[in-house]
Amino acid sequence: MPATVCHLLAALILVVVVFQPLVSALPVAMPLPNLIDPILYRPASQSTPGSPPFVPSDIWKAYDFLPIYSKGVTGSGTRIAIIDAYGDPSISSDLSSFDSIAGLPSTTVNIYYPDGVPRGSVSGWAIETALDVEWAHAIAPGATIDLVIGQDNSLQHLYDAVRYVANNLPQEYTLSMSWGDFETNYPTTGAYTITTMHQLFVTITGHGTSIFASSGDSGSTGCCAIQYPASDPLVVGVGGTTLQLDTNASYVSEQAWSGSTAGDSIVFAKPSWQNNLGGQLSRSSVDVSYDADPNTGVIVIQGGSQLTVGGTSAGSPQWAALIDLAAEANSKGLGAIAPRLYNATAYHDVRSGFNGYYNAGTGWDYPTGLGTPDASGIISAFVSPLAVGVADSRAFQGLSVTTKGALGLAPFTGQLTGTLNVVARNSTTGIVGFNKTFTVNGLQLQSRGSAYMGSLVFNIPMTPYPLSSNLQVSANSSVVTYSVTVTRSIDPASSGVVNIQDLALVASAFNTTSGSPGYDGRADIDGSGAVNIVDLAYVASYFNAAVYN
């Protein structure tokens, strides 16, 4: 549908609903909807690895959280706000049981009731509350959770809960809202309009809080039926996928979940970070996605029962917890984060699946947005790289070789990026025989527990034997060290990587000396005149090192 037609239709619809002062908060049919729906949850028992219902260890591995935790980043000292209606009267015991199953530490959950304690409970909202709290805690185990409970699921009380976060909880790193309603169901006048809610989000993001909301569970039947608050440009809208893992809980594939609500706003213009994406001129509601299919759901404990729970409700608190970890790594809240998410690249690109109106495809698409997270890569995109300033000068066989440059090591992925300049001068005359700047672009270092180590070889094509400046980098926590050696080329077989061919060449000339039969100057790595254990040790220490020419 053309944008102008879509917007005219939206205006007409808004006129019709102007006299509806209150709306239901959940993305299902009115009146007073809740999560009692067999497609969203069912009884469950604890899963085997990689099989639904997924437990935290499955999700940690599938979405690559383990490198984050290995660096000690767990959300310690941070706060995650969650807004729900009615609440879960057994949340304390439910979370304790969940922690026992998942092997998680306990955490603090503060509960706030802006309009007073609800007069009763609703089972669907109790499950929703348990899901939000348990899985925010599963992803950020060290974070404090501030649970803000609306007295019921009317717009008035959920609006008041949002206002409470805006006015009373400025210290939150992230906010999750697993609820919403179609934009056309909101009143256009009075106290509880989308405009007034948006102003609260302006205040909240101004505190440094990043906001997330589930996009909805009803799929799509047209271009412009999407839900608010996920459609707000200050909110990251989370869509849904179907996740497949293998028996080791390793990631296999994902498809767009049929229930992932998506489309274009009839209220908000397209923000700059979505330019050239989508078919309309307005805001598209799914920015990122997460496992949501009830058939590949997660385990939740509510009222002492184990349940398999799905829906985009599962993704919002987990994305909020992921960005909480990124905020901890930055030592500050990140605020309105959507533009930075669109500049990140560490996503599982979901390229198949259908939500009733839109197909998933390569790159950003309506049902899944940018995709699901490679968590350590996402955090690396928000954390400044560890600086590796290289400055080394040494003499070798009548040459003075200087190696200088600036590299950056991504602390959660171990990727090294930057430039190095290598200059070789005649030690006597000072004449430059070689001068080249090398570019290192995302070289993956080896992970060794909580540390990263890697080697790089920069060839210096001199005669009679080519040389190389050899760099080794290691990082442990926030400390990065490096060392440089200059030798004859550690890649004497010239294969482009230091490997078994180079070891074999040195071994074949082993115990020979200059001028003797079998002596190969290429194998005399240290230029001592003898091919011996030192030369083998050099090649072995740089084994599998990338060679730059």
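1. His348 counts as buried because its relative accessibility is 16%, where buried means under 20% relative accessible area, exposed over 50%, and partly exposed in between (1.4 Å probe, protein chains only). His348 has its place in strand E16, residues 347-348; helices (H or I, at least four residues) and strands (E, at least two) are DSSP runs, numbered from the N terminus. Leaving out residues up to four places away in sequence, His348 touches Ala62, Tyr63, Tyr251, Glu254, Leu370, Gly371, Thr372, Pro373 and Asp374, a contact being heavy atoms within 4.5 Å.

2. On the basis of these values: this is a predicted model, in which local features need pLDDT of at least 70 and side-chain atom pairs count only at pLDDT 80 or more, while totals for chains, interfaces and linings use all residues. Residues are numbered from 1 along each chain as its sequence is written, and side-chain values use heavy atoms, with hydrogens and water left out.

3. The chain averages a pLDDT of 90, and 91% of the residues score at least 70, pLDDT being the predictor's confidence in each residue, from 0 to 100. Over residues 1-39, however, the pLDDT is below 50, although this stretch has 73 contacts in the model beyond near neighbours in sequence. Where pLDDT is low, the predicted coordinates should not be read in detail.

4. Strand E9 (residues 235-245) and strand E10 (residues 251-256) pair in the antiparallel sense over five bridges; two strands pair if DSSP finds at least two bridges between them. Within this pairing, Gln244 stands opposite Ser253 in E10. The hairpin of E9 and E10 has five residues between the strands, and Ala249 takes a positive phi near 65° there. Tyr251 and Glu254, which fall within the residue range given for E10, are among the residues that His348 touches.

5. The count of salt bridges comes to eight, a salt bridge being a side-chain nitrogen of Lys or Arg within 4 Å of a carboxyl oxygen of Asp or Glu. One of them joins the side chains of Arg79 and Glu172, at 3.8 Å from N to O. Arg79 lies in strand E2 (residues 79-85) and Glu172 in the loop between helix H6 (155-168) and strand E5 (174-177), so the pair ties together parts that are 93 residues apart in sequence. Arg79 counts as partly exposed at 22% relative accessibility, whereas Glu172 is buried, with a relative accessible area of 2%.

6. Another salt bridge links Asp524 with Arg488, the closest N and O atoms being 3.9 Å apart. Since Asp524 lies in the loop between helix H11 (500-508) and helix H12 (533-541) and Arg488 in strand E25 (residues 479-488), this pair ties together parts that are 36 residues apart in sequence. Asp524 counts as buried at 0% relative accessibility, and Arg488 is also buried, with a relative accessible area of 9%. Elsewhere, salt bridges that share partners join Arg79, Asp146 and Glu172 into one network.

7. The side chains of Asp349 and Arg351 also meet in a salt bridge, at 3.1 Å from N to O. Asp349 is partly exposed, with a relative accessible area of 26%, while Arg351 counts as exposed at 53% relative accessibility.

8. Ala130 has its place in helix H5 and is buried, with a relative accessible area of 0%. Ala130 and Ile91 are 39 residues apart in sequence, yet their C-alpha atoms are 6.3 Å apart in space. Apart from neighbours within four places in sequence, Ala130 is in contact with Asp88, Ile91, Trp135, Val300, Ile301 and Gln302.

9. Gly405 is placed in strand E19, residues 399-409, and counts as partly exposed at 24% relative accessibility. Gly405 touches Val388, Gly389, Val390, Thr419 and Leu420, not counting residues up to four places away in sequence. The C-alpha atoms of Gly405 and Gly353, which are 52 residues apart along the chain, are separated by 46 Å.

10. Val117 is found in the loop between strand E3 (109-112) and helix H5 (123-139), and Val117 is exposed, with a relative accessible area of 55%. Together with Ile111 and Tyr113, Val117 makes a nonpolar surface patch of about 250 Å². Patches are made of residues with over 30% relative accessible area and no salt bridge, like charges being joined within 9 Å and nonpolar side chains (Val, Leu, Ile, Met, Phe, Trp, Tyr) within 5 Å; accessible areas come from the Shrake-Rupley method with a 1.4 Å probe, and for residues only the protein chains shown count as cover.
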